Amino acid sequence: MDKLRPIYGALLVWCCLVCWASTAGAQEQVSFWHGGQELQLDNPPLWQEGRLLIPLRSVFSRLGAEVDWDGGNKRVTITQAAITVALTIDSPVAQVNGQRRALDGPPVLYQDRTYIPLRFVLEALGYPVHWNADARTVLIGDQDVDGNWQAPLPEDEVPEELPVVIEQPAKSQKRVCLTFDDGPSANLTPQVLDILAQQQVPATFFVIGCNAEREPDLIRRIVTEGHALGNHTYSHAYQEIYASSQAYLDSLRQAGAVLARITGDEPAITRAPGGTCGHFTGDYYHVLRENGYCTFDWNVSTGDSALPRPTVEQILANIATYSRNGTIKEAVVLMHDSPTHETTVAALPQLIAFFQEYGYVFEVLTPAHPLAK
Ligand SMILES: [Zn+2]
């Protein structure tokens, strides 16, 4: 019986649409429009027993939003610009930028998929939503299919909620985390951020504390633009930080305090200068864990710390080799954005294109990542 409860919930959420579907013809296609353009979905909307299943990741990624699914907590987070909408399965309360908001119906799980109220989320992100029954279109934003502003339709033509299904990353979904070490630098970090913004790709920046002190605006920009900050020690001076696990911890804490002063938060994710291999002994991991840190190495190196610096072609060849031609499931890519890595920046657009072509989803590192140590 408990197993059926989500299904009843789904039926409730969908009832308005079901009524419409039965009159309009269940096989009719529904299209989504934004800014005068049809959103091309990766997978077509799917009619199933009178319900319209919409691939949420497609819709929101076309709008430039990020969708995060936390399977452990059954929680979905949708982020765009400075707005974050968080919904939890079976909870009638959503959080919009941390503020509690009541939902007409809770998100539900149905056949391992997550249905959330599309209208609520879009409106929370600042998009008006219009349902045009004649054209079978969902208009997102203030423009109609010709790009003209369209007045809202009469209330009775507007379903209470438009349903959406999140396509959770399939078990086979490949993920890539781009990481940049040793910054921020005044000459290259802004270029890296510009490229990431243009490509709408998030990354993780393992910054050195003393560099962060010099470039607080770049640290703030990294955070505001949706990237993750990681701690790469305060000094990056091997003799000092690898003198003992306590010395290493001291350097992490010093950098953490700098970052907390700038952003209000101390990152939990860290990366050992030069990697843990050959530097860490068991007590380093112990000390990190005791103090709430985790550490990341990498499994795809651009080789960009070598001297002389590799060319763009060599960087791309390294990526292909270490990712086993785009087949490894969890890629963590090592790059540097310190002052002498111009070729890394030059290779970045093609590097991103490589992972896109091989079907990777771009994510930031978090303590929950499977490669966290
Ligand atoms: Zn480093």
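The dialogue below moves from the whole chain to its sheets, then to a helix and a loop residue.

Q: What kind of model is this, and how are its residues numbered?
A: Residues are counted from 1 along each chain, in the order in which its sequence is written. The model is predicted, and local features are taken where pLDDT is at least 70, side-chain atom pairs count only at pLDDT 80 or more, and totals for chains, interfaces and linings use all residues.

Q: How many helices and strands does the protein chain have?
A: Helices (H or I, at least four residues) and strands (E, at least two) are DSSP runs, numbered from the N terminus. In the protein chain they come to 11 helices and 22 strands.

Q: What share of the protein chain counts as buried, and what share of its contacts joins residues 24 or more positions apart?
A: A residue is buried if 20 or more other C-beta atoms lie within 10 Å of its own, exposed if 12 or fewer, and partly exposed in between, with the C-beta atoms placed from the backbone. By that count 35% of the 373 residues of the protein chain are buried. Two residues are in contact if their C-beta atoms, placed from the backbone, lie within 7 Å. Among contacts in the protein chain with a separation of 6 or more, 67% are between residues 24 or more positions apart.

Q: In what order do the strands of the open sheet lie, and which stand at the edges?
A: Strands of a sheet pair through backbone hydrogen bonds, either parallel or antiparallel. Here two strands are taken to pair if DSSP finds at least two bridges between them. The open sheet has 5 strands in the order 5-6-7-8-9, with antiparallel pairing. Strand 5 (66-70) and strand 9 (99-102) each have a single partner strand and stand at the edges, so one side of each has no neighbour in the sheet. Within this sheet, strand 6 (residues 75-80) and strand 7 (residues 83-88) run antiparallel and are joined by 6 bridges, and isoleucine 78 is placed opposite valine 85 in strand 7.

Q: Which strands pair with strand 16, and is that strand buried or exposed?
A: Strand 16 (residues 203-207) has 5 of its 5 residues buried, so the rest of the structure largely encloses it. Ala203, Phe205 and Val207 point one way from strand 16, while Thr204 and Phe206 point the other way. Strand 15 (residues 174-181) pairs with strand 16 in the parallel sense over 4 bridges, with threonine 179 opposite threonine 204. Strand 17 (residues 228-231) also runs parallel to strand 16, through 4 bridges, and there leucine 229 is the bridge partner of phenylalanine 205.

Q: What else pairs with strand 15?
A: Strand 15 has 6 of its 8 residues buried, so it too is largely enclosed by the rest of the structure. Strand 21 (residues 330-336) runs parallel to strand 15 and is joined to it by 7 bridges, with leucine 334 as the bridge partner of threonine 179. Strand 22 (residues 360-362) pairs with strand 15 in the parallel sense over 3 bridges, and lysine 174 has tyrosine 360 as its bridge partner.

Q: Which residues of helix 8 are buried, and what covers them?
A: Helix 8 (residues 245-263) buries Tyr248, Ser251, Leu252, Ala255, Gly256, Val258 and Leu259. The elements that cover the buried residues of helix 8 include helix 5 (209-214), helix 6 (216-224), strand 17 and helix 9 (282-290). On the face turned away from the buried side of helix 8 are the exposed residues Gln246 and Ala260. Just after helix 8, glycine 264 takes a positive phi of about 90 degrees.

Q: Where is serine 244 found?
A: Serine 244 is in the loop between helix 7 and helix 8. Serine 244 is partly exposed, with 13 other C-beta atoms within 10 Å. Phenylalanine 280 is 36 residues from serine 244 along the chain, and their C-alpha atoms are separated by 9.2 Å.
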